[in-house]
Amino acid sequence: MKEENAQKMQLHEMNPLDRFSDRVEDYVKYRPSYPKDAIAHIISSLKTADPVVADIGAGTGISSRLLAELHSIRVIAIEPNAEMRQAAETHALVEFRDGTAEATNLADNEVDLVTCFQSFHWFNPALTLPEFHRILKRDGRLAIVWNSRDRQDIFTEKYSNIVRKASNNHPGEKRSDAIKPFLESSLFGNRLQSVFPYKQMLNLAGLVGRAMSTSYIPKSGEAYEELLSDLQQLFESSCDENGFVGLVYQTEVYLGKPIY
């Protein structure tokens with residue numbers, strides 16, 4: 001009954017603020033980055049040469065630092081999880097603040113760009129989209145980004161099946177509907193979807209760490225032991241001569257402009 005109820009729950013109802021607390025080390029080491037072309041695409045949509053960005057659900061700052069490093073822009077990284085904020089590598093242009101997507105603690109019309117990298121599915125869209133609209137300037141943009149595993153790649157499909165089994169078909173593995181509230185929102189228009197290829201090269205420790213950075217993967221018990229065995233077998237049957245495998249992603253970027 002508990003598993004049935006979990007399948008019916010929305011992701012934003014599944015303890016999104018604390019669920020990564022015990023995953024921080026693996027998150028820092030093994031979460032994938034994002035293609036530079038995707039970042040450039042987002043920045044090119046802005047009308048100002050000196051933008052201020054609010055990166056919402058910033059985690060340990062992977063996307064925040066990319067935005068700052070590649071384009072020398074100021075980023076306010078909003079992250080509610082204290083463990084994630086504390087584990088973040090510092091950057092002169094990135095300022096971490098406590099806050100949520102539903103209550104960012106930012107001022108009206110404060111930022112030129114709101115970004116959500118691998119995080120929007122954990123937010124309550126009914127509260128989040130109005131909050132993003134409130135903090136964005138009139139010519140601002142909202143960018144929602146996901147690294148979606150490319151199921152057309154044989155290795156990535158096999159990895160995905162292993163993770164799905166270990167997670168007991170957790171709803172987080174089926175987030176395709178998460179973008180619908182944005183696409184249907186009357187608060188945003190001029191929507192544009194773009195896709196960029198990306199590949200993450202991993203050794204065996206990295207492959208296991210990538211799986212364990214996912215919040216709904218078990219860390220002990222029979223399912224955990226089976227996961228480790230399955231990943232090792234997959235790695236040994238697929239690694240190249242240098243001892244690496246490649247997870248293939250399609251980085252999906254959704255852009256929108258606030259409507260007034």
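At what angle do helix H3 and H4 pack, and how far apart are their axes? This tour of a predicted model, numbered from 1 along each chain as its sequence is written, begins there. In this model, local features need pLDDT of at least 70, side-chain atom pairs count only at pLDDT 80 or more, and totals for chains, interfaces and linings use all residues, while side-chain values use heavy atoms, with hydrogens and water left out.

**Stop one: the two helices**

Select helix H3 (residues 36–44) together with H4; the angle is about 75° and the axes are 10 Å apart. Helices (H or I, at least four residues) and strands (E, at least two) are DSSP runs, numbered from the N terminus. Axes are lines fitted to C-alpha atoms, for helices over the stretch in contact, and angles run from 0 to 180 degrees between N-to-C directions. H3 and H4 are therefore roughly perpendicular, a term for angles of 65 to 115 degrees.

Next, display Lys-36, Ile-39, Ala-40 and Ile-43 in H3, which meet Leu-66, Leu-67, Leu-70 and His-71 in H4; contact means heavy atoms within 4.5 Å.

**Stop two: Ser-72**

Move to the loop between helix H4 (62–71) and strand E2 (74–78), and select Ser-72. Phi of Ser-72 is near 50°, a positive value in a residue other than glycine. Ser-72 counts as exposed because its relative accessibility is 55%, where exposed means over 50% relative accessible area (1.4 Å probe, protein chains only).

**Stop three: Asn-105**

Finally, select Asn-105 in the loop between strand E3 (94–97) and strand E4 (111–117). Asn-105, not a glycine, has a positive phi of about 70°. With 61% relative accessibility, Asn-105 counts as exposed.

Key. Buried < 20%, exposed > 50% of the residue type's maximum accessible area, 1.4 Å probe, protein only. Parallel < 35°, antiparallel > 145°, perpendicular 65-115°, else oblique.
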